[in-house]
Amino acid sequence: MRRLACAAVLLALLAAAGCGLGAGKGSSDVTVTVTSGFGSGPVGRREVGEVPGGETVMRLLQRNFKVTTRYGGGFVQSIGGLAGGTEGGRPVDWFYYVNGIEAPKGAAATKLRAGDRVWWDRHEWGTAMRVPAVVGSFPEPFRSGMAGRRLPVRLECEDTGAPACAQARTRLAAVGVRVGSAVLGVPSQGRILRVLVGKWPAVRRNQELQALERGPGSSGVYARMDPAGRRLTVLDARGRATRTLGPGSGLVAATRPAEEDTDRAGATWVVTGTDDRGVLAAARALDEGTLGDHFALAIDPQGIAVPLPDVGRRVAK
């Protein structure tokens, strides 16, 4: 969901909420997850074997959780008693993702499809007004795709013979994802999902990913990479540095282009690190149990997963 501060987007949500969606063939194996604080506070999860034809994200949420809305039902105000507004003087609201992709329109206008993983999270947005993609719905979007369309998946590696590249391929194959292969830097045509694997100096040649060097306000990822690739700075929800990771550190994150380009684009995942050991650690983290309900993930030199943004918890790898 977009921010209350953006009136134009709210109007768009209201318009979308009025769109009719006729009943059709139902969907199966749909999951809705609700959390707070960038996934750090679980609220609830429902796995729905069958949903009616024409079911929307909003109706699914309302069938399974206590929900209040604003603006004629087009904007979620609270779920399970947790409301948007301000917290500690910072703006907080509900946002939702379908298969790890930030939704481009209102929940009342987004139709569910088989296999969809819907994730609602309540978090502050003063530091990053946009988090375009997250890793916490893995193996989505690779398995079911985006907006009901399965997209080609391409694994691009700095070194196609490196252990990290093989590990990433194995992890994707384990969840039923077939991938094409290429060396980093090969131009892409059409709408695809890309997984870029390599040390940061090689990966950053992709200009879209250079936003990770500028912090969450630019990238939506609560970490900052040193252009030389020697340091990975872990950030909290306000964009403040909490740790600086050196040799042996890795990062798994997802991103998408600027909003005006998203209708024509897929998504890009980056599996990178400060050195070969860090990249391999990041590739090993391509696992549903490790990535689940995290916006992004850093791996420290001891092999411990650090959810991003850093909210003070640690996940044993």
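Reply: In helix α3, the residues Pro 163, Ala 164, Gln 167, Ala 168 and Arg 171 meet Val 279, Leu 280, Ala 283 and Arg 284 of helix α6, where contact means heavy atoms within 4.5 Å. The model is a predicted one, in which local features need pLDDT of at least 70 and side-chain atom pairs count only at pLDDT 80 or more, while totals for chains, interfaces and linings use all residues. Residues are numbered from 1 along each chain as its sequence is written, and side-chain values use heavy atoms, with hydrogens and water left out. Helices (H or I, at least four residues) and strands (E, at least two) are DSSP runs, numbered from the N terminus.

Sorted by class, the contact of α3 with α6 comprises 6 nonpolar, 1 polar and 2 charged residues. Here Ala, Val, Leu, Ile, Met, Phe, Trp, Tyr, Cys and Pro count as nonpolar, Asp, Glu, Lys and Arg as charged, and the others, Gly among them, as polar. The two helix axes come within 8 Å and cross at roughly 5°, which makes α3 roughly parallel to α6. The axes are lines fitted to C-alpha atoms, for helices over the stretch in contact, and the angles run from 0 to 180 degrees between N-to-C directions. Angles under 35 degrees count as roughly parallel, over 145 as roughly antiparallel, 65 to 115 as roughly perpendicular, and the rest as oblique.

Helix α6 spans residues 276-284, and its buried residues are Gly 278, Val 279, Leu 280, Ala 281, Ala 282 and Ala 283. Buried means under 20% relative accessible area, exposed over 50%, and partly exposed in between, with a 1.4 Å probe and protein chains only. These buried residues pack against α3 (163-174) and also against the strands β12 (193-199), β16 (250-255), β17 (267-273) and β18 (296-299).

Lys 199 lies in β12 and Glu 158 in the loop between β10 (153-157) and α3, so the bridge links distant parts of the chain, 41 residues apart. Lys 199, at 25% relative accessibility, counts as partly exposed, and Glu 158 is partly exposed at 33%. A salt bridge is a side-chain nitrogen of Lys or Arg within 4 Å of a carboxyl oxygen of Asp or Glu, and by this rule the count comes to 14.

Elsewhere, the side chains of Glu 87 and Arg 122 form a salt bridge at 3.1 Å, N to O. Glu 87 belongs to β6 (85-87) and Arg 122 to β9 (117-124), so this pair ties together parts that are 35 residues apart in sequence. Glu 87 is partly exposed, with a relative accessible area of 45%, whereas Arg 122 is buried, at 10%. Strand β9 also holds Glu 124, which is linked to Arg 90 in β7 (90-98), 34 residues apart; their salt bridge is 3.0 Å, N to O. Glu 124 is buried, with a relative accessible area of 12%.

The loop between β9 and β10 contains Pro 139 and Pro 141. The peptide bond from Phe 138 to Pro 139 is cis, with omega near 15°, and a cis bond also joins Glu 140 and Pro 141, with omega about 5°. Ala 147 is found in this loop as well; its phi is near 55°, a positive value in a residue other than glycine.
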